[in-house]
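Student: I am new to this structure and would like to learn how to read its features. Could you take me through them slowly?

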Amino acid sequence: VSYVLTCPNCGPREVTDFGFGGEVNPRPRSAPSQRELNTYNYFRKNVAGVQREWWFHRSGCGAWFLAERDTRTNDVLKTELP
Amino acid sequence: VSRLPRRDGERIDREREVFFTFDGKRVVGLEGDTIGSALFASGRRTFSRSFKYHRPRGLMCCAGQCPNCLVQVDGAPGVRACTEPVREGMKVVHMNASPSLDFDVMRATDKVGTAFTPPGFYYKTFIRPRRLWPLYEKVLRHAAGLGKLRKSQREREWRTEYRRRHTDVLVVGGGTAGLSAAIAAAELGADVVLCDEGAEPGGRLLAEGGHGHARELAARAREAGVEMLSNAPALGAFDGLVPVWQGDTLHQVRARRVVYATGTIEQPLLFAGNDLPGVMLSGGALRLAALYAVRPGTRAVVAAVCDRGLEAAIALRAAGVEIAAVADMRAGGSSQAFKTLERASIGVMRGTRVVAAHGRMQIERVTLDSDRFGELQVACDLLVVSGGSAPATSLLSQAGARTAYDEERGVFALADLPEDVLAAGEVAGAGALEDAELSGRVAGAEAAHALGMGDDRSRDRAEHGLERLAQLARRPAEVAVPPPAPPKGDGKCFACLCEDVTVKDIHLSVAEGYDSIELSKRYTTTTMGPCQGRMCQLPAVRQMAEETGQTLAQVGTTTSRPPWHSVPMGALAGRPFEPAKRSAIHGRHREQGATVMWAGDWRRAYDYGDPRGEALAVHEAAGLIDVSTLGKLIVRGPDAGELLDRLYPNRFSNLKPGRIRYGVIASDAGRIVDDGTICRLDDDTFYVTTTSSGAGAVYEWFSWWLADWRLDVHLTDVTQGLGAVNLAGPRAREIMGKLTELDCSSEAFTYLDGKQAEVAGVPSLILRIGFVGEVGYEIHFPAAHGEHLWDALLEAGQEHGLRPFGLEPQRLLRLQKMHILVGQDTDSESTPFGAAMPWIVKLDKEDDFIGKWALERFAEEPPETALVGFTLTNGRARTGRRKRDHLRQRPSPTCASRNQALLRPGRRGAAVVSLAELDPHREALAS
């Protein structure tokens with residue numbers, strides 16, 4: 001699997017430049033129930049389609065940013081700083 | 001050395017001789033020669049022995065397409081002699097023949113007959129008795145395989161590089177169509193890379209009379225700004241990425257549009273003895289004559305199924321080759337080529353095919369079978385074959401194109417292209433020169449248009465070009481499709497030259513039930529050799545269709561996979577790259593006799609030869625350890641305290657400047673991520689240390705949450721910039737006192753104080769922490785001063801018994817103190833409670849922090865497992881009934897003659913024997 005991500009700071013770079021932070025998984029705002037907590041900690045949607053996810057420009061500027069990527073085709077539709 | 005008279009377009013420089021050796025004998029070639037052309041010019045006809053039967057093989061394609069000329073060059077096996085340029089002093093050795101290329105005892109496998117060597121023979125014949133397989137295997141391994149690798153690793157190493165190239169358009173193939181496509185795209189403003197496997201772009205033009213035109217096109221392409229890569233085959237088509245191998249460099253080309261102008265591959269013909277040296281593809285014979293001025297033979301028979309062979313006959317006669325006969329498989333036809341031959345008074349035998357080639361080490365005569373004349377024999381030393389042109393669709397298939405069987409031409413042709421992939425020239429069916437040029441121009445323009453370049457005029461032109469191409473494509477193809485089964489004849493008829501698979505072998509494999517092309521491929525290994533199906537795919541499919549009664553469309557082709565071109569593994573691996581981090585003091589450790597070990601990316605001192613003694617010194621006098629590997633972060637800003645409060649289960653916002661607190665980072669699942677000490681330098685600034693292996697991960701973790709919360713904090717990773725040493729032991733205070741003006745008395749500099757001062761003249765941050773459980777000073781300083789500070793400390797401590805200590809004594813010391821090592825004593829499921837540190841979790845903190853909710857739940861019930869200290873007596877762990885509770889760390893005898901370890905007992909409580917007994921109340925530490 002190989003594709004290009006566009007770092008909001010640095011521009012397009014090989015995906016191997018980046019660290020993957022997984023799909024966006026918002027932290028509960030207030031004390032969650034046990035079920036909510038486990039869902040937050042251990043469950044992911046893992047969609048076959050467009051996914052919002054975190055990336056870290058590890059070999060570059062060191063910024064965390066958000067990307068929208070189609071997990072079926074690896075087309076990156078959009079990247080932006082949070 | 002005999003060469004043809006000087007001719008236009010030749011690649012050799014007749015003034016400059018190049019000397020090299022072949023099998024130890026001196027050979028003279030000319031600058032511009034390939035190994036193959038130089039050897040051929042010197043009279044050599046056999047270049048290698050075949051894979052299985054050790055049959056002599058000679059030049060056939062002269063274009064790096066077939067496996068017949070593999071040699072070993074300066075120790076590297078599998079080099080194609082026909083394309084590898086000669087270099088002064090290179091040592092070329094034959095492959096796969098013993099004792100010599102001309103007399104090979106293993107030829108016996110060929111003579112004995114094929115009864116013993118059908119496909120899969122090694123599984124059938126050598127399977128019983130089972131216990132002898134290791135012996136069989138040894139013998140077979142010796143007999144099989146090509147070339148020999150050098151024994152020592154050092155001799156096999158070579159430096160290779162990756163290069164990443166992003167571009168608008170990549171053109172694969174530098175023939176007429178490829179060059180035209182590159183020019184068209186570049187002239188519309190696209191950034192274009194063109195890669196070609198040949199030594200210079202031009203493709204077939206170079207050897208077929210169009211060299212002037214080829215060079216003109218190449219010059220225009222360069223002028224238009226095209227980056228031209230020569231000797232650079234494309235290896236495959238991956239998700240938007242095409243790896244292009246060029247010598248020591250692997251270009252990873254990522255293009256927004258790719259134009260494949262890969263041309264066609266001239267096919268061999270099937271007849272008995274079709275592998276004899278002297279049987280040459282028409283393209284190969286032409287290249288020898290045109291590029292290297294070498295006459296491919298004196299008396300030739302030409303066997304063709306299309307005009308390509310006829311045209312070669314004319315060109316070869318012009319090069320001084322006597323044309324003994326031209327056998328054309330077509331019964332009719334009236335193309336221009338026939339007329340040209342007629343004018344040149346070369347007779348063409350229509351409806352004639354080759355039945356067999358005869359000869360011992362090289363071809364001596366051929367048997368032809370003609371519709372009109374019946375069977376006849378012709379003496380010759382060259383048989384030029386042209387079995388048609390198969391589109392080189394492999395890369396296109398990898399890129400997602402579909403192929404379908406073209407009944408008329410008898411080949412698999414392109415049927416469907418994905419949106420971002422274009423094809424031009426012969427591979428797309430535009431064979432004639434004008435067609436190929438037009439097709440290239442159209443494809444190049446389309447690629448640029450797809451990227452938003454060009455204007456209405458260029459679009460119109462491309463539109464017209466497409467229409468014209470469609471008209472041209474309607475011309476009938478004048479090609480005879482060779483019959484699947486070869487005509488009867490004595491001797492072996494090879495479907496696959498790489499792996500020595502005969503037509504009979506494929507017949508057998510079908511009879512044994514391997515009746516799909518993919519199964520037969522795996523069983524017989526047809527198409528799996530160095531040629532990657534270039535020479536054998538089509539014949540194998542034809543025969544499979546015949547044997548199974550299917551159409552070729554039904555049989556289909558095998559899946560094409562990368563690499564399309566043979567490539568050394570080293571070129572794919574890139575530069576061997578194993579990053580090692582060394583502290584600024586590393587050189588001293590080596591001088592002082594340290595055993596160096598890997599610790600994550602770091603190279604660290606394991607010990608200085610005496611771990612027990614080193615640990616003892618820390619207890620009794622003082623020890624010095626290099627802890628530069630610790631992760632170090634500066635967290636600065638008005639919200640710095642709040643950030644740390646949110647990230648750690650304990651509080652930091654209330655830490656006073658100049659004070660230190662230990663912290664454990666937990667995840668939201670309540671599991672330990674990392675630990676370290678934090679010193680508040682001033683109101684807005686904290687100095688955070690992490691574990692050695694966790695430095696990168698903690699920085700990412702902090703910055704991730706910071707990106708989400710957007711607090712007013714700035715993080716700086718100073719891990720590499722600062723060095724650190726830990727001075728510990730009862731005499732540490734005296735030693736410190738000698739090197740700093742700082743008042744080191746226990747009243748003025750108490751446990752968990754952090755002070756900034758000069759140590760041996762080096763501006764330092766001194767942290768009084770209990771790293772190894774004794775009175776200790778962790779000194780952080782600009783890394784460049786490492787050796788100076790290390791030397792100064794050791795010198796000052798010499799009279800006090802100070803010794804450097806390594807990682808292993810440090811582990812022993814920490815173990816005695818129950819100071820956990822995150823990642824060694826903990827795993828991904830450890831919680832602060834399980835690691836015996838309930839005190840670190842401040843659940844009364846009002847504000848939220850990472851891990852709070854999970855830790856609240858963990859706090860309610862006793863942990864399933866816990867780290868506890870215990871003592872071994874008589875070498876047996878008194879761990880209660882459950883003897884198999886896993887030890888997290890092997891107990892090691894220490895200086896204090898205690899056997900201790902951190903143990904993880906089960907829920908029902910293994911007997912916890914004792915906690916660390918040295919300084920249980922931390923009096924020594926804090927003194």
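Student: How many cavities of 30 Å³ or more does the structure hold?

Tutor: A cavity is a set of points, on a 1 Å grid over the protein atoms alone, where a 1.4 Å probe fits but cannot get out, and its volume is the space filled by probe spheres set on points joined across faces, edges and corners. This structure holds eight of them. It is a predicted model, in which local features need pLDDT of at least 70 and side-chain atom pairs pLDDT 80 or more, while totals for chains, interfaces and linings use all residues. Residues are numbered from 1 along each chain, chains are lettered from A, and side-chain values use heavy atoms, without hydrogens and water.

Student: Which residues lie nearest the centre of the second largest cavity?

Tutor: Lining residues have an atom within 4 Å of a point; here there are 14, with Ser48(B), Arg49(B), Ser50(B), Pro67(B) and Leu146(B) nearest the centre. The volume of this second largest cavity is about 110 Å³.

Student: At what angle do helices H6 and H8 of chain B pack?

Tutor: Helices are DSSP runs of H or I with at least four residues, numbered from the N terminus, and axes are lines fitted to C-alpha atoms over the stretch in contact, with angles from 0 to 180 degrees between N-to-C directions. H6 (residues 176-187) and H8 (residues 211-223) of chain B pack at about 25°, their axes 9 Å apart. That angle makes H6(B) roughly parallel to H8(B), a term for angles under 35 degrees.

Note on methods: 1 Å grid on protein atoms, 1.4 Å probe; cavity = no way out; pocket = protein on both sides within 12 Å on 5 of 7 lines; lining within 4 Å. Helix = DSSP H or I, 4+ residues; strand = E, 2+ residues; numbered from the N terminus. Parallel < 35°, antiparallel > 145°, perpendicular 65-115°, else oblique.
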